[in-house]
Amino acid sequence: MKTNRIMASLGVLALMFSIFSFTTSRQIDTGKAISSSEWKNLKVLPQNISEDSLKGLMRGYNAALGVKCNFCHAENPDTKKMDFASDAKKEKEFARHMIVMTRDINAKNFNWENAKNPEMINVVTCVMCHRGNESPTKSLIEPVNVELKNVKDVAKEKLAPASGSAKVEKK
């Protein structure tokens, strides 16, 4: 009984994450209009993705892996700001590979078009293996916590600044 509840909770969590994070074959939210030349170096994400959709997708990856932007994105040494177009970090190319891999797994194994209840389809997402860890291997060898937490709560815990550290201000 407890196992069924855990599995059902994991399934619902994975479904919610995938619906809000992976909008690859569906209409992209137009949100804030972006000119096609504004995005530089998008290789696996659609060039016409809105700023809101891109930020939401990146926040989903942050939560799934328990990391911040600088895990994949390098800092520009001159400006000391994040250089999102840079391919300086190997983690960014690996993330691209993982995005394509999960996209392929879902396309080959889940029949979204003919499903009677597509919202009930469990799809593969980053959080299914990573569970808030940088390495899926680490997360898979650790025992599953019986008390399941919301992905956003886990992300808040992992991404929260250490006590006493300076807070980043938004402009």
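This is a predicted model: local features need pLDDT of at least 70, side-chain atom pairs count only at pLDDT 80 or more; totals for chains, interfaces and linings use all residues.
User: Why is the contact between E51 and K55 called a salt bridge?

Analyst: The N to O distance between the two side chains is 3.0 Å. The cut-off is within 4 Å, from a Lys or Arg nitrogen to an Asp or Glu carboxyl oxygen. The pair E51 and K55 therefore counts as a salt bridge.

User: What separates E51 and K55 along helix α2?

Analyst: They are four residues apart in α2 (residues 51-65), which is about one helical turn. An α-helix has 3.6 residues a turn, so residues three or four places apart point the same way.

User: What makes D87 and K92 a salt bridge?

Analyst: Their closest N and O atoms are 3.8 Å apart. That value is within 4 Å, so the pair qualifies. D87 is partly exposed at 38% relative accessibility, while K92 is buried at 8%.

User: Why is the pair E93 and R96 called a salt bridge, and where do the two residues lie?

Analyst: The N to O distance is 3.0 Å, and the limit is within 4 Å, so the name applies. Both residues belong to helix α3 (residues 90-109), three residues apart, or about one helical turn. R96 is buried, with a relative accessible area of 7%, and E93 is partly exposed at 45%. Salt bridges with shared partners join E93 and R96 to K43, D87 and K92 in one network.

User: How many salt bridges does the rule give?

Analyst: The count is six.

User: How do you know what span to expect for α2, and what is found?

Analyst: The expected span is 1.5 Å times one less than the number of residues. With 15 residues, α2 should span 21 Å. The end C-alpha atoms of α2 are 21 Å apart, which agrees.

User: Which residues of α2 are buried, and what makes them so?

Analyst: The buried residues of α2 include E51, S53, L54, L57 and G60. Y61, N62, A63, A64 and L65 are also among them. Each is called buried because its relative accessible area is under 20%.

Technical notes
Residues are numbered from 1 along each chain as its sequence is written. Side-chain values use heavy atoms; hydrogens and water are left out. Buried means under 20% relative accessible area, exposed over 50%, partly exposed in between (1.4 Å probe, protein chains only).
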